Amino acid sequence: MTYPQDLMEQTPRWDNCYPIWFYRNRPANASKDANILYLHWHEHFEIIDMQYGKALFLIDSQPYEVEAGDLLFVPSGALHVGYSTADEEMEYVAIVFNAALLRVVPPDLVYERHILPFLDGRAHIPVKLLANDELAAPYRNLIRGSTTEFEQKQPAYELVIKHNFQLLFTRLSRQFLADKFAAKPAPKRHSESFKPLIQYLESHIAEPLTVEKAARMVNLNPYHFCKTFKRLTGRTFIDYINWLRIQEADRLLRETEWTVSEISERIGCGNANYFTKLYKKYKQYPPSEARRRLSSQ
């Protein structure tokens with residue numbers, strides 16, 4: 001289903017290398033029928049964890065009444081809105097994340113069998129899981145544990161959250177993935193032919209590589225190559241190369257005394273100003289700040 005662009009929510013303020021954000025919402029006006037979530041949609045997935053109070057969420061026009069402990073899984077692209085259903089205080093946590101958070105590069109057969117069907121729309125999680133459903137307790141624990149990690153930001157909290165979400169979708173797969181997906185892997189979809197390309201990109205970061213040349217390496221035309229690459233990695237081809245370069249630049253900033261210009265040249269950016277702009281896009285701060293943060297630890 002296609003919805004108007006003016007209802008599309010902008011990408012959250014996350015790091016493109018770590019596409020997940022947690023929003024704790026305590027509506028000031030939680031009186032009965034008050035709007036607590038404006039009407040919108042986005043390409044990302046969303047989980048709504050009801051902390052306390054009562055509400056009604058409409059997801060693609062389907063109503064879901066929720067109270068403390070209930071979980072809602074909002075599919076990618078679904079139009080959704082929320083209203084309070086009682087004259088009482090309420091709070092919910094909305095977790096918005098991109099499928100790229102769960103991508104495995106290069107893909108493996110276990111991932112393609114158990115996780116990929118949820119991400120590409122072939123399999124669906126029930127939208128609502130009740131608080132009194134004992135089977136939902138492990139999901140709630142993983143989600144709330146991740147919320148705590150995000151808010152407290154202890155060292156390596158990002159890894160804990162990513163691990164929790166991999167485990168969350170693994171458990172969801174066990175309970176909700178239809179036998180037709182679990183019994184056999186998803187269609188090959190060029191994943192094997194893309195593995196050498198991914199390895200090549202990782203070992204030749206500084207070398208220029210056009211879309212046309214990369215497409216020839218996997219025997220696809222550029223159009224189908226770009227679509228397949230995005231589906232497999234969660235990123236466009238250019239975005240993936242830039243991401244690899246910034247990851248390597250971050251390592252060099254931490255482990256060497258090289259100047260920004262030297263690192264820029266080393267990863268194939270050439271122009272130091274362009275490198276700084278690109279680094280800020282992915283890390284939200286300039287390369288100089290990375291070293292200041294390292295020295296302050």
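Which strand is Tyr64 found in? Tyr64 sits in strand 5. Keep that residue in mind. One caution before we go on: this is a predicted model.

Now look at strand 5 and its partner. Strand 4 covers residues 54-59. Six bridges join strand 4 to strand 5, and the two run antiparallel. Lys54 has Glu67 as its bridge partner in strand 5. Phe57 stands opposite our Tyr64.

In what order do its five strands run? The order is 1-8-3-6-9. This sheet is open too, and its pairing is antiparallel. Strand 1, residues 20-25, and strand 9, residues 128-129, stand at the edges. Each has a single partner strand, so one side of each lacks a neighbour in the sheet.

Strand 6, residues 71-74, is joined to strand 9 by two bridges, and the pair runs antiparallel. Leu71 stands opposite Leu129 there.

Helices come next. Helix 3 lies across strand 1, strand 3, strand 6, strand 8 and strand 9. Helix 3 runs at about 90 degrees to strand 1. Helix 4 packs on this sheet as well, and touches strand 1, strand 3, strand 6, strand 8 and strand 9. The direction of helix 4 makes about 85 degrees with that of strand 1.

How do the two helices sit against each other? Helix 3 spans residues 137-152 and helix 4 spans residues 157-176. They pack at an angle of about 165 degrees, with axes 9 Å apart. Helix 3 and helix 4 are therefore roughly antiparallel. The crossing is left-handed.

Here are the residues in that contact. Helix 3 brings Pro138, Tyr139, Leu142, Ile143, Gly145, Ser146, Glu149 and Phe150. Among those they meet in helix 4 are Tyr157, Val160, Ile161, Phe165, Leu168, Arg171 and Phe176. By class, the contact divides into 13 nonpolar, four polar and two charged residues.

Now for charges. Side chains of opposite charge can pair when their charged atoms come close. How many salt bridges does a search of the whole structure find? The search finds 10. One of interest joins Glu91 and Arg26, with the closest N and O atoms 2.3 Å apart. This pair links distant parts of the chain, 65 residues apart. Glu91 is in strand 8, and Arg26 is in the loop between strand 1 and strand 2.

Helix 9 spans residues 237-255 and helix 11 spans residues 272-283. Their axes come within 10 Å and cross at roughly 95 degrees. That makes helix 9 roughly perpendicular to helix 11. Helix 9 supplies Asp239, Asn242, Trp243, Ile246, Gln247, Ala249, Asp250 and Leu253. Helix 11 supplies Tyr274, Phe275, Leu278, Tyr279, Tyr282 and Lys283. By class, this contact has nine nonpolar, two polar and three charged residues.

To close, back to the two helix pairs. Helix 3 and helix 4 are roughly antiparallel, while helix 9 is roughly perpendicular to helix 11.

Terms used:
Residues numbered from 1 in each chain as written. Predicted model: local features only at pLDDT ≥ 70, side-chain atom pairs only at ≥ 80, totals over all residues. Heavy atoms only, no water. Axes fitted to C-alpha atoms, helices over the stretch in contact; angles between N-to-C directions. Helix = DSSP H or I, 4+ residues; strand = E, 2+ residues; numbered from the N terminus. Parallel < 35°, antiparallel > 145°, perpendicular 65-115°, else oblique. Left-handed = near helix turned anticlockwise from the far one by under 90°. Contact = heavy atoms within 4.5 Å. Nonpolar A, V, L, I, M, F, W, Y, C, P; charged D, E, K, R; others polar. Pairing = 2+ DSSP bridges. Salt bridge = Lys/Arg side-chain N within 4 Å of Asp/Glu carboxyl O.
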